[in-house]
Amino acid sequence: MKLPEHLMWGNYVRAVTETDLGISILNSIVIVLSSTAILALLAIPCTYCLVRYRFPGAKAILRMYMALLFIPDSSTLIQLFLVMRNFHLLNSRAALALLYAATGVAFPIFLLSGFLSKIPRDYEEAAMIDGCGPFRILVNIVIPLARPGIVTVCMFSAIGSWNEYMTAMVMLTDEKKKTLAVAMAHLYEVQRYATDWGTLFAALVIALLSTMLIFMIGQKYIVQGMNVGGLKG
């Protein structure tokens with residue numbers, strides 16, 4: 001066994017041109033960006049209200065979100081499919097992005113609760129004295145101070161949505177709307193019988209590099225998020 005004498009760049013060309021890999025990558029990018037944006041819009045205000053405002057049931061709601069972390073996605077897939085079918089949302093990239101955000105909001109709330117609880121209230125009280133309302137305090141004070149946690153949450157959400165396979169396979173039936181994970185599984189089934197292993201592994205490298213790129217860009221924030229956020233102690 002030895003290293004190859006030269007790189008076979010033609011495998012990468014075939015992986016993109018002879019398959020729908022390019023369309024699948026574009027679908028995954030659209031779905032990931034949309035789901036991450038929706039999740040951030042849902043998780044940040046929700047966590048801020050649960051951590052900063054005292055009202056009956058706030059702690060119970062926060063514990064409920066933490067409990068949702070232990071429910072596997074496969075156990076709710078049939079119910080989600082029936083709901084999506086009844087609302088005519090199957091085979092829709094926008095609906096899948098919304099589904100990813102709705103089902104993945106528990107972990108961001110759990111992680112961000114640790115961040116927001118460590119932000120001193122003095123900043124918010126000073127802003128209130130200056131006439132800032134709750135929305136401006138959230139946007140101008142809380143979000144900048146919790147930036148490492150927010151970036152960590154967004155990156156975990158993006159990586160999870162990018163690699164998610166089972167829900168995308170069930171909810172999307174149009175070949176032109178399939179995500180990269182579903183396309184890779186289909187490509188594997190096709191290429192292993194065609195014995196074109198070069199094209200298959202080139203496609204796997206392309207899919208892997210995207211995840212590595214996301215991690216390399218924000219690894220500093222991930223480390224901060226794991227040390228300071230909800231996973232500490």
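Tutor: Gladly! Of the 233 residues of the chain, 38% count as buried; buried means under 20% relative accessible area, exposed over 50%, and partly exposed in between, with a 1.4 Å probe and protein chains only. This is a predicted model, where local features need pLDDT of at least 70, side-chain atom pairs count only at pLDDT 80 or more, and totals for chains, interfaces and linings use all residues. Residues are numbered from 1 along each chain as its sequence is written, and side-chain values use heavy atoms, with hydrogens and water left out.

Student: What makes Tyr48 and Tyr53 an edge-to-face pair?

Tutor: Rings of Phe, Tyr and Trp (its six-membered ring) pair if their centres lie within 6.5 Å; planes under 30 degrees apart count as stacked, over 60 as edge-to-face and the rest as tilted. By this rule there are 3 aromatic pairs. For Tyr48 and Tyr53, the centres are 5.8 Å apart and the planes make 85°, so the pair is edge-to-face.

Student: Why is Tyr48 called buried, and what is Tyr53 called?

Tutor: Tyr48 has a relative accessible area of 5%, so Tyr48 is buried. Tyr53 has 35%, so Tyr53 is partly exposed.

Student: Why is the pair of Phe107 and Phe110 called tilted?

Tutor: Their planes make 50°, with 6.5 Å centre to centre, so the pair falls in the remaining class, tilted. Phe107 and Phe110 are 3 residues apart in helix 6 (residues 106-118), so about one helical turn separates them. Helices here are DSSP runs (H or I, at least four residues), as are strands (E, at least two), numbered from the N terminus. Phe107 is partly exposed at 25% relative accessible area, whereas Phe110 is buried at 18%. Phe107, Phe110 and Phe156 form one aromatic cluster.

Student: How do you know that helix 8 is roughly perpendicular to helix 9?

Tutor: Helix 8 (residues 134-145) and helix 9 (residues 147-163) pack at about 75°, with axes 4 Å apart. Axes are lines fitted to C-alpha atoms, for helices over the stretch in contact, and angles run from 0 to 180 degrees between N-to-C directions. Under 35 degrees counts as roughly parallel, over 145 as roughly antiparallel, 65 to 115 as roughly perpendicular and the rest as oblique. Helix 8 is therefore roughly perpendicular to helix 9.

Student: Which residues meet there?

Tutor: Ile143, Pro144 and Leu145 in helix 8 meet Arg147, Pro148 and Ile150 in helix 9, where contact means heavy atoms within 4.5 Å.
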